[in-house]
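Subject: Structure handover

Hello,

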Amino acid sequence: MNKNWWKQSVVYQVYWRSFYDSDGDGYGDLQGLIQKLDYIHELGVDIIWLNPVYESPDLDNGYDISGYEAIMPKAGTMEIWEKLLFEVHARGMKLIMDLVVNHTSDQHSWFLESKSSRDNPKRDWYIWKDAKNGEVPNNWRSYFSPSTWEWDEATEQCYFHSFAVEQPDLNWENPELREEIYRTMTYWLDKGIDGFRLDAIALLAKPEGYPDAENRDDIQYLTNHPGLHAYLREMNERVFRHYDIVTVGETAFVTPEEGLKYVGEHRGELNMLFHFEVCDEMPSWDMLRFKDIQRRWYKGLWGKGSNSQFLNNHDHTRQVTRFGNDGPYRVESAKLLATMLHTLPGIPYIYQGEEIGMTGVKFDSIDHYNDIAMKNRYEEEVGKGRDPQEVLQSLQALSRDNSRTPMQWENTIHAGFTTGTPWINLNPNYAEINVAKDLSDPNSVYRYYQKLIALRKNNEVMVYGQFEELPEWMQNEHLYVYTRTLGDTRWLILLNHSDEKSSIQLSPAYKDFSLKLLLSNYLANDAASNDRIELNPHEARIYEI
Ligand code: TEU
């Protein structure tokens with residue numbers, strides 16, 4: 001497999017508005033991020049993924065861009081952004097920007113022109129359709145609202161939006177629009193950034209004729225339509241291939257076979273992708289299903305294209321709550337999940353706060369939630385007459401705000417995140433879970449992440465090693481045991497994802513091997529007699545064979 005700097009990297013995602021507030025306005029900002037760069041650097045990560053900071057009415061927390069070449073005042077200024085880039089590079093790290101090119105804000109000048117009249121030169125930069133018999137053109141739901149169509153009285157047509165009404169989709173069939181996006185990409189790359197995270201990139205192509213969906217709730221009709229790969233190849237040809245950068249596509253609802261079309265090294269499109277078979281399609285932890293997903297993606301991509309490994313981000317609740325144990329075994333579970341993500345094939349992504357085992361949250365009123373997706377759905381369901389409290393409870397577990405509460409720096413007011421009023425409530429557990437506490441504890445989650453990342457830095461087997469699961473008959477629905485092999489180096493990884501002890505009887509083949517413990521999330525381990533290993537609840541071990 002070709003070696004690239006980004007394949008050997010660990011990525012740290014900064015949701016800047018919740019990271020650190022330097023000016024007391026209650027929002028995190030770029031100056032605050034600069035002040036905390038050493039904290040990120042000491043973790044050992046290589047790349048920072050910065051969520052959108054462009055000019056925006058901020059209705060979808062920056063994913064509704066109204067100006068691609070300006071910085072949202074809430075985040076800072078272009079001058080501060082330039083300083084951030086300098087400081088990131090000065091520490092030997094790289095910066096990738098989150099870019100949203102499937103849609104803009106309805107306040108973008110392009111859309112204001114497009115909606116001003118049917119014959120405006122930018123009309124076709126967005127998707128406008130006539131109503132059908134007084135109805136919207138088809139029955140699709142959007143990700144954030146009951147319909148993908150919004151009627152415009154002035155020009156008597158509907159416009160298309162995959163997300164909120166205020167996020168009209170761009171028309172990628174229009175070559176002029178595409179040229180303008182490529183120019184914007186070049187603008188940021190010429191500033192020296194190291195790549196892009198491409199938001200909702202699987203949605204760029206729309207289906208011929210917008211036929212009704214048989215099942216309007218199966219929202220896959222929004223993604224992966226023919227023509228998409230031609231756009232990505234053109235994007236790569238016109239922009240990406242001219243720079244030493246990394247591109248990662250957010251590609252919902254792709255299979256490994258489809259995923260290879262995005263990231264195949266011969267394809268000339270993107271470098272790696274986020275698929276959501278776990279975060280979107282696996283409601284709660286199911287080890288057997290997770291193993292199947294890993295097996296299929298390894299088979300589909302390994303040696304041909306690159307995959308990411310993550311279990312949470314700004315759209316999905318915190319992994320230790322949703323997929324692990326955020327109670328008595330929170331620390332062990334946070335370390336186990338990290339061990340899994342960093343030893344499975346693929347590039348690991350750390351979402352801010354994951355490295356100290358931050359957990360999901362439950363606010364007791366919809367007024368304390370900010371996530372437009374959740375608030376729109378709450379309104380829609382309550383509007384149908386459902387009990388508001390019951391609707392709130394049904395939406396809390398998967399609310400995107402679970403992962404958007406402010407970073408917990410220390411056990412002081414607002415966890416040291418802001419001296420002002422935080423834009424969203426903190427998770428009340430910041431007294432127990434915070435950076436200061438983790439930095440002072442040699443056995444903390446943060447210190448474990450440091451060891452795990454250092455292990456990866458010094459051992460290419462974690463990056464390029466072949467992956468092989470031990471036979472299922474040796475495992476059970478809680479155990480995940482596999483090897484990574486590169487040349488003469490062979491590692492055995494054992495994970496017990498359970499609140500109970502588990503043991504594994506290794507096959508006689510391992511009898512003559514000596515197992516050298518490289519890392520474990522328990523301080524004391526039962527000595528591994530080569531053929532039988534007892535694992536504590538949520539215990540992870542990495543052995544060199
Ligand atoms: O999310 C895109 C989105 O919500 C789905 O396509 C998603 O990929 C999948 O279902 C994952 O749950 C992106 C941003 O990450 C999100 O924060 C924005 O709100 C959204 O696009 C609109 O820009």
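In this predicted model, an oxygen atom of the ligand has a polar side-chain atom of Arg197 at 3.0 Å. For Glu250, the distance from a side-chain N or O atom to an oxygen atom of the ligand is 3.1 Å. The protein buries 95% of the 500 Å² that the ligand exposes when taken alone.

As for location, the ligand sits in the largest pocket. Around the ligand there are 17 residues, and the closest are Asp60, Asp199, Asp280, Asp315 and Arg400. Sorted by class, this shell holds eight charged, six nonpolar and three polar residues.

Next, the cysteines. A disulfide is a covalent bond between the sulfur atoms of two cysteines. How many disulfides does a search of the whole structure find? The count is zero.

Are Cys158 and Cys279 buried or exposed? Cys158 has a relative accessible area of 1%, and the cut-off for buried is under 20%, so Cys158 is buried. Cys279 also counts as buried, because its relative accessibility is 4% and the limit is under 20%.

That covers the ligand site and the cysteines.

Regards

Conventions:
Residues are numbered from 1 along each chain as its sequence is written. This is a predicted model: local features need pLDDT of at least 70, side-chain atom pairs count only at pLDDT 80 or more; totals for chains, interfaces and linings use all residues. Side-chain values use heavy atoms; hydrogens and water are left out. A residue is near a molecule or strand if one of its heavy atoms lies within 4 Å of it. A polar contact is a pair of N or O atoms within 3.5 Å; within protein, one must be able to donate a hydrogen and the other to accept it, and residues adjacent in sequence count only if both atoms are side-chain atoms. Accessible areas come from the Shrake-Rupley method with a 1.4 Å probe; for residues, only the protein chains shown count as cover. On a 1 Å grid over the protein atoms alone, a cavity is a set of points where a 1.4 Å probe fits but cannot get out, and a pocket is an open set with protein on both sides within 12 Å along at least five of seven lines; lining residues have an atom within 4 Å of a point. A molecule sits in a cavity or pocket if more than half of its atoms lie within 2 Å of its grid points. Ala, Val, Leu, Ile, Met, Phe, Trp, Tyr, Cys and Pro count as nonpolar, Asp, Glu, Lys and Arg as charged, and the others, Gly among them, as polar. A disulfide is a pair of cysteine sulfur atoms within 2.5 Å. Buried means under 20% relative accessible area, exposed over 50%, partly exposed in between (1.4 Å probe, protein chains only).
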